[in-house]
Every structure is written in structure tokens, then in C-alpha cells.
Amino acid sequence: TSVYRGAGMHFVAHGEGKVYWHNNHLYVEPIGPFNLKGALFFNEQIENVVVAKPVEHWCRFEIFNSLDTLGPMEAVASLNHTFVQSKKHGCSLVCLVGGNIAMRETIKAACNAIELAAIEFDTVQNAEHYALTIGG
């Protein structure tokens with residue numbers, strides 16, 4: 001957890017998650033609700049991992065293990081930028097697993113705006129199987 005200081009107040013970044021590579025799959029697993037500082041920090045971590053990617057062509061897996069994973073509207077532009085960077089750096093597919101409809105629709109809209117395929121799956125295994133069948 002990061003602490004931000006300003007004008008006599010302390011702002012703690014709320015929200016956490018995991019971002020990691022496995023072969024040519026990038027796994028993004030946000031956990032719980034995020035405040036603005038936490039969402040911006042997590043999105044920055046995603047971009048750092050994307051830019052330092054170990055593969056040329058890859059798929060991104062957005063895995064939501066909780067229905068309460070959500071961030072503030074003020075962080076949507078930052079989230080959208082992570083998908084722009086993903087496409088720019090070789091991502092060909094975003095697989096969505098779990099979560100709430102608000103997050104899934106936000107991500108699908110971001111991907112649609114940049115013509116990056118985003119598909120919902122009921123399990124991580126089904127998403128991985130699909131990605132492998134299309135060469136991702």
C-alpha cells in the first residue's frame with residue numbers, strides 16, 4: 001500500500017492486484033475495490049509490465065475473482081490507456097473472466113474503441129484454451 005501526502009492529509013492507495021507473465025499470456029488480476037490513487041498506481045504497474053514484455057505477440061487475461069472489484073470513474077482514462085499500450089506492444093486479444101458487469105463493459109468499450117478483440121469467458125481454463133487455438 002502506498003501513502004500519498006498533500007495539504008496536511010495522507011492519502012492511502014487502496015486496491016491491489018497481480019500482474020505477471022506466463023509464456024505469451026499477461027495475467028492481470030485486480031483484487032477488491034480501488035480508490036483513485038490505488039487504481040492509478042495499479043494501471044501504472046500494468047503499463048510497466050507491458051512495455052517490458054518478453055514476447056512479441058500475446059494475449060491479456062483480465063481475471064476478476066471478486067464481484068466487488070471496481071475503480072472510480074476518474075481512473076477509466078488510465079485503465080483505457082493500458083489497453084492502448086497493450087495493443088501497441090503486440091496484444092491481439094483480451095480475455096475477460098469473472099467480475100461484475102460494470103468492469104467487463106468498461107474493458108470491452110476500451111478495447112472496442114481501439115479495435116482490440118475482447119471476449120468474455122466463464123473460466124480461466126476456457127480462456128486459455130481459446131487463446132491457444134488462435135495462436136495466442
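Me: What should I know about the model before reading the values?
Reply: In this predicted model, local features need pLDDT of at least 70 and side-chain atom pairs count only at pLDDT 80 or more, while totals for chains, interfaces and linings use all residues. Residues are numbered from 1 along each chain as its sequence is written, and side-chain values use heavy atoms, with hydrogens and water left out.

Me: How many salt bridges does a search of the whole structure find?
Reply: The search finds 5 salt bridges. A salt bridge is a side-chain nitrogen of Lys or Arg within 4 Å of a carboxyl oxygen of Asp or Glu.

Me: Which residues are linked in a network?
Reply: Salt bridges link Arg104, Glu105, Lys108 and Glu120 in a network. Within it, the closest N and O atoms of Glu120 and Arg104 are 2.9 Å apart, and Lys108 meets Glu120 at 2.5 Å, N to O.

Me: Is Arg104 buried or exposed?
Reply: Arg104 counts as buried, at 18% relative accessibility. Buried means under 20% relative accessible area, exposed over 50%, and partly exposed in between (1.4 Å probe, protein chains only). Glu120 is partly exposed at 35%, and Lys108 is partly exposed at 24%.

Me: What about Glu62 and Arg60?
Reply: Their side chains meet in a salt bridge of 2.7 Å, N to O. Glu62 is buried, with a relative accessible area of 2%, and Arg60 is buried, with 0%.

Me: Why can such side chains pair?
Reply: Side chains of opposite charge can pair when their charged atoms come close.
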